[in-house]
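Please look through the structure below before reading on. The text then goes through it part by part.

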Amino acid sequence: METIVTRFPPSPTGYLHVGGARTALFNWLYARQNNGKFVLRIEDTDTVRSTQASVDAIFEAMRWLELDWDEGPYFQTQRFDLYREYLQKLLDSGDAYYCICTQQEVEAMRQKAMAQGGKPKYDGRCRERGLPRSDNAVIRFKSPLAGTTVVEDVIKGNIVFQNTEQDDFVVSRSDGTPTYNFVVVVDDISMGINTVIRGDDHVMNTPKQILLYRALQSPLPVFGHVPMVLGKDKARLSKRHGAMSVTAYRDMGYLPDAFINYLARLGWSHGDQEFFTRQELVEKFSLKNIGKSAGVFDTDKLTALNADHIRATSVRQLAPRALPFFRDKGYDAADDDYLAGVIGTLHTRSKTLVEMADGAHFYYREDVRPYDDKAAKKFLKPETARVLALLAEQLGELDNLAEKTQEVAFKRVMDETGLGFGKIAQPVRVALTGTTVSPGIFELIEVLGKARVLARLRAAAEFIESTGK
RNA sequence: GGUCCCAUCGUCUAGUGGUUAGGACGCCGGCCUCUCACGCCGGUAACUCGGGUUCGAAUCCCGGUGGGAUCACCA
């Protein structure tokens, strides 16, 4: 069986966006699943808009998503000799010709055609003139004047184009640089790409490219055009929909596996399954289960999936990923046992790593004061000072504050005060965290450790005394 | 406007002639409970319209409508 070779060819004119990431993912998955090759090619022929910063941003995003490539990155700007070679082949075989019409003349042809109700096309006036090479001449491809070109799309089915719709498009500009449709074909042929999975917006290019493959006497790759990703308003995803850059999602605390899971499920399905590990995706992905209609990017669903992935990831693996977010909050955190304990209590409570870091505030603050105003008013009342002091005293007598051992201390406090656990939990929580929302009291005490717990309980008791009454 | 594509709950989707049209997110209840989550239980909500074909259409065909893509010496 032929080795599957796929590719991802971004143009470095900006960051890697969500739509691009999805086509990269599909190509990667397909290659991995078939033990094939995944090629990265940078389409930087638009030298005006291409930047090194964009190239770097794309690499960074690919690395974050863990979409590793087997070949490349190739840069089109370094392949001009090859394009020239193929251009000559086209000229030699009579499939292309020089055209000396100026852009203004061509524009005039279009206007005229439109005025007559036709489609705007180049009229082919240089087609049979046998013009020689000259300074400002472009090279045009000689499109067939009749017949049809059919794109056998693995996800959309057969798409038929009348060749009369096609005009003789430019393959080489007057400055000698080759155009997009031409270089793509040359690259795909020379790189041995046999599976082209790309965005929907390329379908109209495909018949042109097929014509080029034929003229170059090369076998066609398998084509698959995946539907677009839309924004909430059902319009094509763009800056006004907020985060478009893939790395922005990294910064918002999403896990790469959650992100690719979401991206894969947007437009592709495997029965009712929603949660996929990277490995499952590689195993179960299939071109034929890609849907035909465009999908709306839904951050809520991505977030829910992210929560699932966080929960499915072990604390040990989560720690290094969460650490940068903790540091961002200014916490003096390290990848140690304490962090593991902290994450352990926040594991099921965090939808994103940012949320996790937010929820960890009290673990990394020496003093939780000032207390949240409402929390203090409601739970740190005069009568609770005694409870907190008592608890500090009881806990102080214990060797360690493991969840099990704590029971004794709480039991004594409850016995002595006659209060139920429900009555003392919130005051304790406020004393230890400064707020009314946190992980469970017992687990939190264990993680915090004796020193912090005693200090905070006493501080709260003092706080109550000092506020008087 | 030409060409091409698409059409199931608000969103992502399952469905391939016979289903009470299923799942997930969201939303709304409830249970659990030391708060918040998690978990569990329940609810809300869809086949774009009109014609066919058929004993029977979400499923097949035609048309309408709606949405999208694309019409460069940009990629």
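**Loops, sheet and RNA surface**

E66 is found in the loop between helix 2 and strand 3. The model is a predicted one. Phi of E66 is near 60 degrees, a positive value in a residue that is not glycine. With a relative accessibility of 35%, E66 counts as partly exposed, because that class covers values between 20% and 50%.

N35 also has a positive phi, near 55 degrees, and is likewise a residue other than glycine. Its place is in the loop between helix 1 and strand 2. N35 has 70% relative accessibility and therefore counts as exposed, the limit for that class being over 50%.

Strands in a sheet pair through backbone hydrogen bonds, either parallel or antiparallel. Three bridges link strand 2 (residues 37–42) to strand 3 in the parallel sense, and I42 stands opposite F75 of strand 3.

Next come the cis peptide bonds. The bond from G72 to P73 is cis, with omega near 5 degrees, and P73 lies in strand 3. The bond from R369 to P370 is cis too, with omega near 0 degrees; P370 is in the loop between helix 13 (353–359) and helix 14 (373–379).

What surrounds RNA strand B? There are 54 such residues, and the closest are R173, G267, D272, R349 and S438. They divide into 18 nonpolar, 15 polar and 21 charged. Elements that each supply at least two residues of this surface include helix 4 (103–115), strand 7 (157–162) and helix 17 (421–433).

Of the atoms of RNA strand B within 4 Å of the protein, 66% belong to sugar or phosphate, and the rest to bases. On the sugar side, an N or O atom in the side chain of D46 is 3.2 Å from a sugar or linking oxygen of RNA strand B. Base oxygens are approached by backbone N or O atoms: one of S174 at 3.0 Å, and one of G440 at 3.1 Å.

How values were computed:
Residues numbered from 1 in each chain as written. Chains lettered and ligands numbered in written order. Predicted model: local features only at pLDDT ≥ 70, side-chain atom pairs only at ≥ 80, totals over all residues. Heavy atoms only, no water. Pairing = 2+ DSSP bridges. Helix = DSSP H or I, 4+ residues; strand = E, 2+ residues; numbered from the N terminus. Near = heavy atom within 4 Å. Polar contact = N/O pair within 3.5 Å; in protein donor to acceptor, adjacent residues only side chain to side chain. Nonpolar A, V, L, I, M, F, W, Y, C, P; charged D, E, K, R; others polar. Buried < 20%, exposed > 50% of the residue type's maximum accessible area, 1.4 Å probe, protein only.
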